[in-house]
Amino acid sequence: MPLPPVLQDLPLPIVGAPLFIISNPGLVIEQCKAGVVGSMPALNARPASQLDAWLAEITETLAAWDRAHPERRAAPYAINQIVHRSNDRLEQDMAVCAKYRVPIVITSLGARSDVNDAVHAWGGVVLHDVIDDRFARKAVDKGADGLIAVAAGAGGHAGVKSPFALVAEIRAWFDGPLALSGAIATGGGVLAAQAMGADFAYIGSAFIATEEARASDAYKQCVVASTSDDIVYSSLFTGVHGNYLKPSIRAAGLDPDRLPEGDISTMQFGGAGAAKAWKDIWGCGQGIGAVHSVVPVAELVGRLEREYRAARARVLERSAGAR
């Protein structure tokens, strides 16, 4: 199945993952200008009325960029919608997305036909994130155009499946758009995702350590200083299992190696005691060993692009040598 037109001809096969609290119009705009799909959660706009202003800023700025740079047009942007029943803003935020005809909507924590139908009505594309094949089938049955396979090692809410297993199971029956998430922070990782069968790499944690990201300096420096050994997988903080930075958990007075289970029935973005998930307890994936400094988005994407091209060249060279 060919990719939808909005996802064709991207300068780089990368979708920037929506980062709760952290993503903002500045980050999205720079991602798109650099050639990767930029995204942010609708819930990052607070109050809710701010979403309208943010989408106006994104659409107007990217349109101006395209007029000035017809040779390298901006990649499309995406808005993430939490479709779980706990999101009492969904209807309002969807109406704003319809106003701006948001090109890509990323849905999370549940699949809903009515949401997919609404996006299709304005000509948008829906990508739904899933952690296993069962959820993938449900999402497609309910009208999702594409899938985001959230494999082991992904930042924030993540699954436990190996990317090799998860992509293979999905590709056995689904030939639509597929992005892979899970510890990808290098251009070689992007190429590996494609070699496994994905169309795109879905990258989030590496963008935390960028100048445009709305994360605290302490959070950014923690990403730079940490490796996969500093990530813990826990359901305590939201009721859904996710990956978090151990130093932030210790700073909240908790032992990251001895965390109790959370309560999925509450789906609260709270946490233990006064510690709040995402604000105090920092989500992050296992791929951050490749992140060595806080840089502008353009510099990060430039590195990914150079590594991606170099990885492709190495594969071609070795393939030619083997013949």
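How many bridges join strand 8 to strand 9? Select residues 178–181 and 200–203: 3 bridges link these two parallel strands. (Strands are DSSP runs of E with at least two residues, helices are H or I runs of at least four, and both are numbered from the N terminus.) Leu180 stands opposite Ala201 of strand 9 here.

Before you go on: this is a predicted model, where local features need pLDDT of at least 70, side-chain atom pairs count only at pLDDT 80 or more, and totals for chains, interfaces and linings use all residues. Numbering starts from 1 along each chain as its sequence is written, and side-chain values use heavy atoms, leaving out hydrogens and water.

Next, click Tyr77 in strand 3 (residues 77–82). Tyr77 counts as buried because its relative accessibility is 5% (buried means under 20% relative accessible area, with a 1.4 Å probe and protein chains only). Beyond its neighbours within four places in sequence, Tyr77 has contacts including Val28, Leu55 and Tyr100 (contact means heavy atoms within 4.5 Å).

Last stop: helix 5, residues 133–141, where Asp133, Ala136 and Ala139 are buried. Their arc around the axis is only 115°, so they sit on the same side of helix 5 (the arc uses directions from the helix axis to the C-beta atoms).

How values were computed
Buried means under 20% relative accessible area, exposed over 50%, partly exposed in between (1.4 Å probe, protein chains only). Two strands pair if DSSP finds at least two bridges between them.
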